[in-house]
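Here is a short tour for anyone meeting this structure for the first time. Have a look at the sequence and the 3D view, then read on.

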Amino acid sequence: MTADSTVPEPVAATGTATMFADVAIVGGGLAGSLAASVLARAGHRVALIDKRAVHPDEFRVEKIGGPQLEMFRRLGFIDGLASAGCRYDRVLNVREGRVVDVSVAPAYGLPYADLVAMARSQLPDRSSLIVDEVTAVTPGDDVQHLELASGRRLDVRLVVLATGMGGALGYKLGIRRRVLAERHSVSFGFTIARVDGAPFDFEALTCYGERTADGVDYLTLFPVRAGMRANLFMFRDPTDPVMRDLRRETEATLLRLLPGLRRFLGDFRLIDRVQNWVMDLSIVDGHLQPGIVLIGDAFQTNCPAAGTGVARLLVDVERLCTEYAPRWLATAGMGIEKISQFYSDPDKIAADQQSLKMARFRQALTSRNDISWDMRRRLHFLRRNITHRLGQMRPGWLAQVQSAPRA
């Protein structure tokens, strides 16, 4: 799927100074676009506000799999995801040139822009998308007033901030971002192909770091329509010279950091530009305000290596858009007592806490070189390898063990 460059007239007719909706969603990335589609399909009047009619090519989420697929299914996006993405079912997991185990489960690879376009395509009325910028929000206990850069105004019951890490609008509202771990991780994204043009000998592959000093958590390779996409996750100082080497001499630097990878890739080359991203772990304060709720990265950021960002985002969308927002809109008022219900939701709290826990675990498992973590690392991969080997000798044994009644 490619992003649609044609955008119909927004929510209200041209020349109308003030528009009206039930919910205004500020930010048209994945979180905002999913939330807008879920609410609009439920019959609510939604205004999705973003500066761009077509989301740009950004290095963000590029694969969806595991429990995330069930969440996409529950929210009604699984068919769209299957049409937009490139499916794969088998991931070869390797370390130090040897197979650790094999993961067998469906997953999809696709560019972030196509993922956002898929979410937006589910809007029942594409005129719900307003190509504009929110310059100010005046919150209230019942109606929220939004001012747009075009001079138009929008009155709504509920404002959902899905602005990612962009904090200008939140800052005006007194919302502050508190950094928990500065420059926590570094991610690289690029696409590769074999020099001889032949396909790789695997559907998808994950290669784990070999030395703690390198700070490499893992490299994951998976198919997208353009070729074999590579995402490299590291816990290392972003100013280290190796970061420059990865951008300028990607192939050689990658094999220097992961020498065991050579036997699986053969001769390969880059077929697009290298993108990279430095992530702080952060959370916001001052967010509990009448008529305004924050979702996704606008509330808390995630470690990309931990793979919890999409799950967190989906929990936010599902709980807010299927449970709380419909109930709030059915009664008068939009005060803090309503908004606090979302932030107190047990599923949301658990997802937020799990995300931070996994971020710290991945960093320690990758970088800590004391005896206890060295042993933990060895046992982690040994346990996976033994389970894999037993599974090869006795197919289905693990499922039998997991389903056996506990004493």
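In which handedness of crossing does helix 1 pass helix 4? The crossing is left-handed, a term used if the near helix is turned anticlockwise from the far one by less than a right angle, with right-handed used if clockwise.

## Before we start

This is a predicted model, where local features need pLDDT of at least 70 and side-chain atom pairs count only at pLDDT 80 or more, while totals for chains, interfaces and linings use all residues. Residues are numbered from 1 along each chain as its sequence is written, and side-chain values use heavy atoms, leaving out hydrogens and water.

Helices (H or I, at least four residues) and strands (E, at least two) are DSSP runs, numbered from the N terminus.

## Two helices side by side

Back to that pair: the axes of helix 1 (residues 30-41) and helix 4 (residues 112-121) come within 8 Å and cross at roughly 15°. That makes the two helices roughly parallel. Axes here are lines fitted to C-alpha atoms, for helices over the stretch in contact, and angles run from 0 to 180 degrees between N-to-C directions. Angles under 35 degrees count as roughly parallel, over 145 as roughly antiparallel, 65 to 115 as roughly perpendicular and the rest as oblique.

Who does the touching? Helix 1 brings Leu-30, Ser-33, Leu-34 and Ser-37, and helix 4 brings Tyr-112, Leu-115, Val-116, Ala-119 and Arg-120; contact means heavy atoms within 4.5 Å. Sorted by class, that gives six nonpolar, two polar and one charged residues. (Ala, Val, Leu, Ile, Met, Phe, Trp, Tyr, Cys and Pro count as nonpolar, Asp, Glu, Lys and Arg as charged, and the others, Gly among them, as polar.)

## Helix 4, tucked away

Nine of the ten residues of helix 4 are buried, so the rest of the structure largely encloses this helix. Buried means under 20% relative accessible area, exposed over 50%, and partly exposed in between (1.4 Å probe, protein chains only). Among the buried ones are Asp-114, Met-118 and Arg-120. The cover over them includes helix 1, strand 3, strand 4 (63-65), helix 2 (67-75), helix 3 (78-84) and strand 7.

Two strands pair if DSSP finds at least two bridges between them. Strand 3 (residues 46-50) and strand 7 pair over three bridges, and Ile-49 has Ile-130 of strand 7 as its bridge partner.

Most residues other than glycine have a negative phi. Glu-96, though, has a positive phi of about 55°. Glu-96 sits in the loop between strand 5 (86-95) and strand 6 (98-109) and is partly exposed, at 37% relative accessible area. Arg-183 also has a positive phi, near 50°; this residue belongs to strand 12 (residues 176-194) and is partly exposed at 41%.

Asp-267 lies in the loop between helix 8 (262-265) and strand 16 (268-270), and is exposed at 60%. Leaving aside neighbours within four places in sequence, Asp-267 is in contact with Arg-194 and Val-195.
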